[in-house]
Amino acid sequence: TVRTGVVAANWLPLGTKVRIPEIFGDQVFTVEDRMHERNNYKLDVWFPNTGDALRFGVREDTRVEIL
């Protein structure tokens, strides 16, 4: 089930908790999904609607903290 706080990442075990402090502050995300293998080194943040996702766009070189 998708919801706020869920991310998809192939390079981390399912259930891993991460933070993206430069963008989301102290919000903790949980890896609960996978992506196509062409996205093996990406992290996909779930947004409640397409407009929010498009406004967020693609971010590169952002630090991800593995908790």
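Here are legends for a few close-up views of this predicted model.

Local features need pLDDT of at least 70 and side-chain atom pairs count only at pLDDT 80 or more, while totals for chains, interfaces and linings use all residues. Residues are numbered from 1 along each chain as its sequence is written, and side-chain values use heavy atoms, with hydrogens and water left out.

View 1. Let's start with Thr 30, which sits in strand 3, residues 28–33 (strands are DSSP runs of E, at least two residues, numbered from the N terminus). With a relative accessible area of 12%, Thr 30 is buried (buried means under 20%, exposed over 50%, partly exposed in between, using a 1.4 Å probe and protein chains only). Setting aside residues up to four places away in sequence, Thr 30 touches Gly 5, Val 6, Val 7, Gly 15, Thr 16 and Lys 17 (contact means heavy atoms within 4.5 Å).

**View 2. The largest nonpolar core.** Ten residues make up this core: Val 7, Ala 9, Leu 12, Val 18, Ile 20, Phe 29, Val 31, Val 45, Phe 47 and Phe 56. Strand 1 (6–9) and strand 3 each bring at least two of the core's residues. A nonpolar core, by the way, is a set of buried Ala, Val, Leu, Ile, Met, Phe, Trp, Tyr and Cys residues joined through side-chain atoms within 4.5 Å. Take a look at Phe 29: leaving aside neighbours within four places in sequence, its contacts include Val 7, Val 18, Ile 20 and Val 45.

**View 3. Arg 3 meets Glu 32.** These two side chains form a salt bridge, 2.8 Å from N to O (a side-chain nitrogen of Lys or Arg within 4 Å of a carboxyl oxygen of Asp or Glu). The pair ties together distant parts of the chain, with Arg 3 in the segment before strand 1 and Glu 32 in strand 3, 29 residues apart. Arg 3 is partly exposed at 40% relative accessible area, and Glu 32 is partly exposed at 36%.

**View 4. Glu 65 and its partners.** Glu 65 and Arg 19 meet through their side chains in a salt bridge, 3.0 Å from N to O. Here too distant parts of the chain are linked: Glu 65 is in strand 5 (residues 65–66) and Arg 19 in strand 2, 46 residues apart. Glu 65 also forms a salt bridge with Arg 63, whose closest N and O atoms are 2.7 Å apart. Through shared partners, salt bridges join Arg 19, Glu 22, Arg 63 and Glu 65 into one network.

Methods
Helices (H or I, at least four residues) and strands (E, at least two) are DSSP runs, numbered from the N terminus.
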